[in-house]
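Dear colleague,

I am passing on the structure below for your own work.

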Amino acid sequence: MRRVVITGIGVFASTGKNAESFFATLIQGKSAIRRIQQFDPSQLSVQIAAEIPGYEPLDYFPAKRLDLLDRFSQFALIASKEAMESSGIQLRDEERPRFGVVTGTGMGGATTFDSGYYNLYAKQVTRMHPFTIPKIMHNAATSQICMEFGAQGPALTTATACSSAGHAMGEAFHIIKYGMADMMLTGGSESPITFGMIRSWESVRVLAVGNGDPSRACRPFSLDREGFVMGEGAAMLLFEELEHAKQRGAKIYAEIAGFGMSSDASHITQPSIDGPARAVRMALAEAGVNPDEVDYINAHGTATRVNDITETRVIKEVFGNHAPKLAVSSTKSMHGHAMGATGAIEMAATVQTIVRGVIPPTANYTQPDPECDLDYVPNEAREKPVRVAVSNSFAFGGLNAVLLVRRFE
Amino acid sequence: MDVSQKVIEIIAREQHLDLSKITVDSTFAELGIDSLDGVNILFALEEEFKLDIPDTVAQNMRSVRQVIDSLTRVLEGKDVSDLVAMAKGEPSASVS
């Protein structure tokens, strides 16, 4: 059976503009959540988000190129470039049909939508800009990456809300495993911080307000939690078939060994126990890993009451007696919830726990919740060898994606 | 208003090109203007001149001179029904 390894990582996130600084910030337990800068949020109840600080598109792209790039595609390209460079790969032309791309996004070109509709409805312009469609389409990021790096193999976009990147990486893993390609650039990208989007999420009553001290707003698994905080960014990973990676002497970060996905088929927003549990078990089974071999879970950990309690029960159900011995942390406490990108951002963190033997904490943990009684690595990073790690993504709509990575041996 | 100068300015702005690179004799192909760039230029012209350029006219625009001539006729309210796409294979201001 073909094995798949991770040979490149790129991150462009609120907590760091490359993979190195991203993880360094997480290890320090530092949150990137601030008052929103992209527009004046003073009319909103929720005025905070995890934005990429000081982002200037012209620092990264020529003006002509930017005309066709929504913010989510910009992030995708920046993270992809780092992933490709870190992999050291030099593609030969004949390899291009064996090189593909799968990226996830929940909202696609949300910022272009928002400004376009503002002009159309509020300012009553009579025409939409002709680049609106090529910028907003969910597959724009995938297509832009394909064009940038000459990827001519299997390519698609997944849109499963908060699980988008998880599903993308799972698909990319299987595309290589089952022989359709040898290399896949995969991850997720999202730029959901718009006036209209925050207003919409406000109405669901799941966002933390946190206007006092934004950096402490997101408190997963803590009794005094108040909800999640929107984030933005992208992370991309290069997945590669093991023999292909060995032949070119690639640096191998970790092996991607299992993927599980499932549907709750029960409620459009409220998660079940059964659905996520089946996805975790599926990932373990594909990897041939026993529950007691898992060292670390990067939790979905949104900091909503429903998620945190449900996810805790899922972990206890699947891992049984091993559950209290597992390290579980939610890095969303620092980089926010980057929606369709979040699974990839969290995978970038998860892989580093294996590479470096240090687990990022759940920041802002203040009070134990009797219904959340696992080891959430509160507030302080922990040095611990990690051989097997799991990353959970549980989406609105009840669509779950779980990935298992292990140290390459 | 000098339509020629305005057209050249708009093409330069939208293509992020130096003004000196563009003359009335430049073709879209020479300027690297593809079909999607073409509809973008069309959009900018419609915004600037506050008019609608019919698709049949747009399909005939493959050079700066054709843009200027077509636009002038539209601006003067002349009949443009004879301006239909004849040439094939050259980029025009239409993605269809």
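Followed along its sequence, chain B shows the pattern α-α-α-α-α, which corresponds to a count of five helices and zero strands. Please keep in mind throughout that this is a predicted model. Of the 96 residues in chain B, 28% are buried. When the contacts in chain B between residues at least 6 apart in sequence are considered, 67% of them join residues that are at least 24 apart.

Chain A is divided into two parts, with domain 1 covering 4–247 and domain 2 covering 258–406. The centres of these two domains of chain A, taken over C-alpha atoms, are separated by 20 Å, and across the boundary 63 residues of domain 1 of chain A are in contact with 54 residues of domain 2 of chain A.

On the side of domain 1 of chain A that touches domain 2 of chain A, the elements giving two or more residues are the strands β1 (4–13), β6 (183–190) and β7 (233–241), together with the helices α1 (19–27) and α7 (164–177), of chain A. Within that side of domain 1 of chain A, α7(A) provides the largest share, namely eight residues. Sorted by class, the side of domain 1 of chain A that touches domain 2 of chain A holds 34 nonpolar residues, 22 polar residues and seven charged residues.

With best regards

Key
Residues are numbered from 1 along each chain as its sequence is written. Chains are lettered from A and ligands numbered from 1 in the order in which they are written. This is a predicted model: local features need pLDDT of at least 70, side-chain atom pairs count only at pLDDT 80 or more; totals for chains, interfaces and linings use all residues. Helices (H or I, at least four residues) and strands (E, at least two) are DSSP runs, numbered from the N terminus. A residue is buried if 20 or more other C-beta atoms lie within 10 Å of its own, exposed if 12 or fewer, and partly exposed in between; C-beta atoms are placed from the backbone. Two residues are in contact if their C-beta atoms, placed from the backbone, lie within 7 Å. Domain bounds come from an automatic or database domain assignment. Ala, Val, Leu, Ile, Met, Phe, Trp, Tyr, Cys and Pro count as nonpolar, Asp, Glu, Lys and Arg as charged, and the others, Gly among them, as polar.
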